[in-house]
Amino acid sequence: MVKARNSAARSSETHILRIECPDEKGLIYRITQLLYQRQLNIVGNDEFVDTQRQHFFMRTEFAGACQPAELRAQLQQAMLADVSQRYG
């Protein structure tokens, strides 16, 4: 699940990205790479893996102009593309 929303309390240019999905190698790299490629600046990041369920959780606060729905779609596409390249 990928959620991106604008945080009006901080600034119209500050956003919170929350991701939860099955854990696998490279998730943080793929997510932060996509933000970097879109010239978005990460100002805070926390991640956690539930090792019993092998489930990954990440919360990233970032700054920069973006469209949350577009970013969500790009993240989902990037994550699915990576899976299909490895297992396709």
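**Strand pairing and fold**

I began with strand 3 (residues 41-50) and strand 4 (residues 55-63), which pair in the antiparallel sense over nine bridges; I took two strands as paired if DSSP finds at least two bridges between them. The model is a predicted one, in which local features need pLDDT of at least 70 and side-chain atom pairs count only at pLDDT 80 or more, while totals for chains, interfaces and linings use all residues. Residues are numbered from 1 along each chain as its sequence is written, and side-chain values use heavy atoms, with hydrogens and water left out.

Within this pairing I noted that Asn-45 stands opposite Thr-60 in strand 4.

**Positive phi**

Which residue of the hairpin of strand 3 and strand 4 takes a positive phi? I found that it is Gln-54, near 50 degrees, in a hairpin with four residues between the strands. Gln-54 is not a glycine, and at 42% relative accessibility it counts as partly exposed (buried means under 20% relative accessible area, exposed over 50%, and partly exposed in between, with a 1.4 Å probe and protein chains only).

I listed Gln-39 as well, which has a positive phi of about 60 degrees although it is not a glycine. Gln-39 lies in the loop between helix 1 (27-37) and strand 3 and is exposed, with a relative accessible area of 73%. I looked these up because most residues other than glycine have a negative phi.

**Aromatic pair**

I found one aromatic pair in the structure. Phe-48 and Phe-57 form this pair, which is tilted, with 6.2 Å centre to centre and 35 degrees between the planes. The rings of Phe, Tyr and Trp (its six-membered ring) pair if their centres lie within 6.5 Å, and planes under 30 degrees apart count as stacked, over 60 as edge-to-face and the rest as tilted. Phe-48 is exposed at 51% relative accessible area, whereas Phe-57 counts as partly exposed at 25%.

**Core and contacts**

The largest nonpolar core has 15 residues, of which Leu-17, Ile-19, Ile-31, Phe-62 and Leu-71 touch the most other members. Strand 2 (14-22), helix 1, strand 4 and helix 2 (68-87) each supply at least two residues of this core, and the largest share, four residues, comes from helix 1. I took a nonpolar core as a set of buried Ala, Val, Leu, Ile, Met, Phe, Trp, Tyr and Cys residues joined through side-chain atoms within 4.5 Å.

Leaving aside its neighbours within four places in sequence, Phe-62 is in contact (heavy atoms within 4.5 Å) with residues including Leu-17, Leu-35, Leu-40, Val-43 and Leu-71. Among contacts in the protein chain between residues at least 6 apart in sequence, 57% join residues at least 24 apart.

Is Leu-75 buried or exposed? I noted that Leu-75, in helix 2, is buried, with a relative accessible area of 1%. Of the 88 residues of the protein chain, 32% count as buried.
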